[in-house]
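User: I am new to this structure and would like to learn how to read its core and its ring pairs. Please show me where to start.

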Amino acid sequence: EGKRVRLMQLRNPWGEASPKTWQGDWGRDSPKWSFKKKLELGVVNANNVAMYDEMSIFWISWEDVRLYFASLEVARVHDGWSEVRMQGWLPCGVGPGDCFELVPTHNCEVDIGIVRE
């Protein structure tokens with residue numbers, strides 16, 4: 001398409017025992033995926049073998065996160081990590097939501113929890 005899309009990789013809290021997973025755009029059976037994009041994001045390896053359980057981990061566009069989730073929380077504790085907690089509401093029918101900026105100072109991992117109400 002040539003269009004830039006912001007994607008988030010989320011962990012399904014029910015994991016591989018979940019009866020279903022995300023079925024929208026960028027879900028495991030979405031026509032938006034190309035082999036090149038799956039390889040680039042580590043969804044599959046060069047032999048097109050899935051790199052994780054597709055019921056436990058899924059991809060979703062930022063636009064759909066805003067549509068389906070009410071809030072998000074950035075908070076996890078890992079050995080050797082610094083902890084920063086921020087809370088905010090995503091834009092929804094009751095208001096514009098909150099805004100905060102998270103700027104990593106080096107290449108790192110970030111855990112973000114989101115809540116669906």
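**Core and ring pairs**

Analyst: Trp59 is buried, at a relative accessible area of 10%; buried means under 20%, exposed over 50% and partly exposed in between (1.4 Å probe, protein chains only). This is a predicted model, in which local features need pLDDT of at least 70 and side-chain atom pairs pLDDT 80 or more, while totals for chains, interfaces and linings use all residues. Residues are numbered from 1 along each chain as its sequence is written, and side-chain values use heavy atoms, without hydrogens and water.

User: Which residues make up the largest nonpolar core?

Analyst: In soluble globular proteins, nonpolar side chains tend to be buried together. A nonpolar core is a set of buried Ala, Val, Leu, Ile, Met, Phe, Trp, Tyr and Cys residues joined through side-chain atoms within 4.5 Å. Here the largest has seven residues: Met8, Leu10, Trp22, Phe58, Ile60, Val65 and Phe69. A second, separate core of five residues includes Trp26, Trp33, Val43 and Trp59.

User: How many aromatic pairs does the whole structure hold?

Analyst: A pair of aromatic rings is described by the distance of the centres and the angle of the planes. Rings of Phe, Tyr and Trp (its six-membered ring) pair if their centres lie within 6.5 Å; planes under 30 degrees apart are stacked, over 60 edge-to-face, the rest tilted. The search finds three pairs. Trp22 and Tyr68 are edge-to-face, with 5.2 Å between centres and 70° between planes. Trp22 is buried at 17% relative accessibility, whereas Tyr68 is partly exposed at 35%. Trp33 and Trp59 are also edge-to-face, at 6.4 Å and 80°.

User: Which residues do ring pairs link into a cluster?

Analyst: The cluster consists of Trp26, Trp33 and Trp59.
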